[in-house]
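Subject: Structure handover

Hello,

Here is the structure you will be taking over. My notes on what was found in it follow below.

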Amino acid sequence: MNNQPLVAPSVLSADFGDIAAAIDRIEASQADMVHLDVMDGHFVPNITFGPKMVADIRKRTKLPLDVHLMVDNPESHVDAFIDAGADYITFHLEAVTHAHRLIQRIRDAKVKAGISLVPSTPASAISELLEDLDLVLVMTVNPGFGGQKLIPGCLRKVTQIKTMFEGASPILLSVDGGINRDTVRAAVSAGANLLVSGSAFFRAEDPAEEVRFLKAALSS
Ligand SMILES: O=C(CO)[C@@H](O)[C@H](O)COP(=O)(O)O
Ligand SMILES: [Fe+2]
């Protein structure tokens, strides 16, 4: 159904020793995108991987690659992720001064541009960027780790952002953190149309059934 949300499993919860198997699992599940969490140990306390991993994953799948940069100075890194084959590059508003300039750089490279907000950043922080974005990623946990519990108050922000974009070009409105069978209905009701799922997806016995469940959140 057209109004079903998209699902993007996050590789953060996969076994990094067997990334190929993780990508195969995502492909077999009929998910829509692959979510790739890049962490630098500065913007967030954790460290994950860089552009080489993205380029290697690019060779294994035609699914869109949704790169979530949780790094300081994303301006210094976006070119490498563009070259690696990212389809979407999302950076944190809190990590930049010139967000508009960075969005234009990403879009000039024919890559879709996204902005992410940590839980303490209000929706109004992106009010001057409505015409410029392809995706807004609302963090529903504090960024840095998988397997955390969704912070319910963050869903208010999803609804506020959805309202702000009425009349502007349609965007992907992504929720990231703590999305699972217990929280998905509230997230989609709030207005999310892209669901990032890390631990719930990789823990599921049947990943295809997990994706079906998440997509059907509002019709069940
Ligand atoms: O960006 C992040 C964490 O900072 C996420 O993309 C996590 O990978 C989500 O994991 P779960 O909360 O679904 O386990
Ligand atoms: Fe993420």
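A residue counts as buried if 20 or more other C-beta atoms lie within 10 Å of its own, as exposed if 12 or fewer do, and as partly exposed in between, with C-beta atoms placed from the backbone. By that rule Q30 is exposed, because 12 other C-beta atoms lie within 10 Å.

Before the rest, two notes on conventions. This is a predicted model, in which local features need pLDDT of at least 70 and side-chain atom pairs count only at pLDDT 80 or more, while totals for chains, interfaces and linings use all residues. Residues are numbered from 1 along each chain as its sequence is written, and chains are lettered from A and ligands numbered from 1 in the order in which they are written.

The sheet

Helices (H or I, at least four residues) and strands (E, at least two) are DSSP runs, numbered from the N terminus. Two strands pair if DSSP finds at least two bridges between them. Eight strands form an open sheet with parallel pairing, in the order β1-β8-β7-β6-β5-β4-β3-β2. β1 (6-9) and β2 stand at the edges with a single partner strand each, so one side of each has no neighbour in the sheet. On average, neighbouring strands of this sheet are turned by 25° against each other, direction ignored. For angles, axes are lines fitted to C-alpha atoms, for helices over the stretch in contact, and values run from 0 to 180 degrees between N-to-C directions.

Some of the pairings in detail:

- β3 and β4 run parallel and are joined by four bridges; L69 stands opposite F91 in β4.
- β5 and β6 pair in the parallel sense over four bridges, with G114 opposite L135 in β6.
- β6 and β7 run parallel and are joined by five bridges; the bridge partner of L137 in β7 is S174.
- β7 (residues 172-176) and β8 run parallel and are joined by three bridges; here S174 has L194 in β8 as its bridge partner.

Helices on the sheet

Two residues are in contact if their C-beta atoms, placed from the backbone, lie within 7 Å. Helix α2 (residues 51-60) lies across β2 and β3 and runs at about 170° to β3. Helix α4 (residues 99-108) also packs on the sheet, where it touches β4 (88-92) and β5 (112-117), and its direction makes about 145° with that of β5.

Buried strands and the core

Five of the five residues of β4 are buried, so this strand is largely enclosed by the rest of the structure. Y88, T90 and H92 point one way from β4, and I89 and F91 the other way. For β6, too, five of the five residues are buried, so it is largely enclosed by the rest of the structure. L135, L137 and M139 point one way from β6, while V136 and V138 point the other way.

A nonpolar core is a set of buried Ala, Val, Leu, Ile, Met, Phe, Trp, Tyr and Cys residues joined through C-beta atoms within 7 Å. The largest one has 71 residues, and those with the most contacts inside it are V67, I89, V136 and L195. Strand β6 (residues 135-139) gives the most to this core, with five residues. Leaving out residues up to four places away in sequence, V67 touches L36, V38, V54, F81, A86, Y88, I89 and T90.

V34 is in strand β2. V34 is buried, because 24 other C-beta atoms lie within 10 Å. Among the residues that V34 touches, not counting those up to four places away in sequence, are A8, P9, I57 and L65.

Two loop residues

Q30 lies in the loop between α1 (19-28) and β2. Q30 has a positive phi of about 65° although it is not a glycine. K110, in the loop between α4 and β5, has a positive phi of about 65° and is not a glycine either. K110 counts as exposed, because it has 8 C-beta neighbours inside 10 Å.

The ligand

A residue is near a molecule or strand if its C-beta atom, placed from the backbone, lies within 6 Å of it. Ligand 1 is surrounded by 22 residues, of which the closest are S10, L12, G146, G198 and S199. The elements that give two or more residues to this shell are β2 (34-39), β3 (65-70), β8 (194-197) and α7 (199-203).

Regards
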